[in-house]
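Could we walk through this structure together, one feature at a time?

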Amino acid sequence: MLLRSFHSSSKQIIRQASTNRKSINEFFSQHLSFPFLQYKEHLHVARGEGQFIYDTNGKRYLDFFAGIVTVGVGHCHPRLIEAATKQMKKYWHLSTYYLQDSVRDYAENLLEHFQDDKHLSVCLFVNSGSEANDLALHLAKEYTKQSEVITLRNSYHGVIQSTLCLTNIAGFKRSYLTGSRVAMTPDPYRGIWGGQYCRDSPIQTTRSCNCQKDHCQASDRYVEQLEQILDYEVPKKKVAGMFIESIQGYGGSVQYPKNYVKKATELVQQNGGLYIADEVQSGFGRTGTHFWGYQGHGAKPDIVVMAKAIANGFPFAAVVTRPEIAKTVGNYFNTYGGNPIGCAVASAVLDVIKEEKLQENSLRVGTHLLEKLAKLRDQLPNVIGDVRGKGLFIGVEMVTDKESRKPYPIEKMNAILNRCRDNGLLLGKGGNFGNVFRIKPPMCITIEDADFALNVLEDAIRKEL
Ligand SMILES: Cc1ncc(COP(=O)(O)O)c(C=O)c1O
């Protein structure tokens, strides 16, 4: 129980711990709803620095999940602390009623990253990825005056009610919500079609195919499936838009066959719909080859949604779109949207990514990790079905049998995660069946960190064989 007493001289209210205060484990389980707490023995965090976090016993962990793909430039980066503090000393919050330098500076800085898509020239600021997707949905419907929306199976776009209609992962679905038109996941590993040249990744599936290196037929088949949705399910083929994560994040780092996103979104655009690129996980240089994931697909979005790494963990998110689409926003209002501290931090994030060459580092260290993981896939018997990704956006799909691709049991996944934690490595887990390790560390990790993580993971997997 918390007691309050007055400090005799300053009259400040201070909190004292009573002798019968609950343990933190007990308190969390009784008074907080944190259904995703990880680990058999919960990890009680004391502080973070760069790519590491430290628990309350002083033990260090290499953080390979970065607060769920959010701490892009590393924990407690001094440049971000300085930017936030500087703004906090001026003022914290005013709302969108006034002109503010930090908001202008950030929007200018962010739009510099749309040099190849100059038509995307208006920013709208909100607080989370879900809010940003909700706003994108609102804009798409207002602009097109249509209500039908297309998404991909295995997608994750947030779990507030409007975005739950866009998210297609079983564990999050609610029977009382109607959804979107759901297209087949163009997954070269687990999908109906896929082969050895599909992915824009140093690592391909082990499936064989008859494709020429430069023409992936799987991509064409999946686009045909999408076309059938328009032909059979949508009145007059009219849709408000299609939401696509440039690489599926929560769904297990699923990459699509080359050209799928370009062809699919062109088809939607030809029918009057908008292409909404969800860059919540794939933006800000993580994929290594490009700053935005959609650029890797050669596609042209009408709306780009971003959050997470945008401000390294400060609650902040954005939608960037064309002026004529932004205009349809009407009386949308968001008290904290464009918070000046968030803008200051987000600006510093962009500067750090550029100055510390973190996108380049993602490509270099990510490719090293991918190549070593693929070797491990081939060396170990029936356990790693697929290794995929780009830069530091990596998935390792676990199976009980490489032939049938039957998902690895959740208990074994958890045993490996817990063993990695015991040995100083924190990983993420995802996929509809919870059988994919998600490797998405801060983009400042080194080759030495990568090798440490590979050793810990290999050891943890081998102990399960
Ligand atoms: C691709 C994607 N879109 C949207 C969201 C929702 O973001 P938030 O949790 O900030 O609401 C997430 C969150 O994981 C995400 O991964």
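The dialogue below goes from the overall fold to single residues.

Q: Before we start, what kind of model is this, and how are residues numbered?
A: This is a predicted model, in which local features need pLDDT of at least 70 and side-chain atom pairs count only at pLDDT 80 or more, while totals for chains, interfaces and linings use all residues. Residues are numbered from 1 along each chain as its sequence is written, and side-chain values use heavy atoms, with hydrogens and water left out.

Q: How many helices and strands are there in the protein chain?
A: Helices (H or I, at least four residues) and strands (E, at least two) are DSSP runs, numbered from the N terminus. Here the protein chain has 14 helices and 18 strands.

Q: How do I read the radius of gyration of the protein chain?
A: The radius is taken over C-alpha atoms, and the globule rule is 2.2 Å times the number of residues to the power 0.38. For 465 residues, a compact globule would have a radius near 23 Å, and the protein chain agrees, with 23 Å. Along the principal axes, its C-alpha atoms fill a box of roughly 80 × 60 × 45 Å.

Q: Is Leu350 buried or exposed?
A: Buried means under 20% relative accessible area, exposed over 50%, and partly exposed in between, with a 1.4 Å probe and protein chains only. Leu350 has a relative accessible area of 3%, so this residue is buried. In the protein chain, buried residues make up 54% of the 465 residues.

Q: What is a salt bridge, and which residue does Glu355 meet in one?
A: Side chains of opposite charge can pair when their charged atoms come close. The cut-off is a side-chain nitrogen of Lys or Arg within 4 Å of a carboxyl oxygen of Asp or Glu. The structure holds 26 salt bridges. In one of them, Glu355 meets Arg79 at 2.6 Å, N to O. Glu355 is in helix α11 and Arg79 in helix α3 (residues 78-90), so this pair ties together parts 276 residues apart in sequence. Glu355 is exposed, at 52% relative accessible area, whereas Arg79 is partly exposed, at 30%.

Q: Are Arg322 and Asp302 buried or exposed?
A: Both are buried. Arg322 and Asp302 form a salt bridge, with their closest N and O atoms 2.4 Å apart. Salt bridges can also link up: Arg190, Arg199, Asp386, Arg388 and Glu397 form a network of them.

Q: How do I read the pair formed by the rings of Tyr97 and Tyr98?
A: Rings of Phe, Tyr and Trp (its six-membered ring) pair if their centres lie within 6.5 Å; planes under 30 degrees apart count as stacked, over 60 as edge-to-face and the rest as tilted. The structure holds 16 aromatic pairs. The centres of the Tyr97 and Tyr98 rings are 6.4 Å apart and their planes are at 55°, so the pair is tilted. Tyr97 and Tyr98 are both exposed. Elsewhere, ring pairs link Phe36, Tyr156, Phe172 and Tyr250 into a cluster.

Q: Which residue lies over the face of Tyr54?
A: A charge sits over a ring if NZ of Lys or CZ of Arg is within 6 Å of the ring centre and within 35 degrees of the ring normal. Arg47 lies over the face of Tyr54, 4.1 Å from the ring centre. Arg421 lies over the face of Tyr39, at 5.3 Å.
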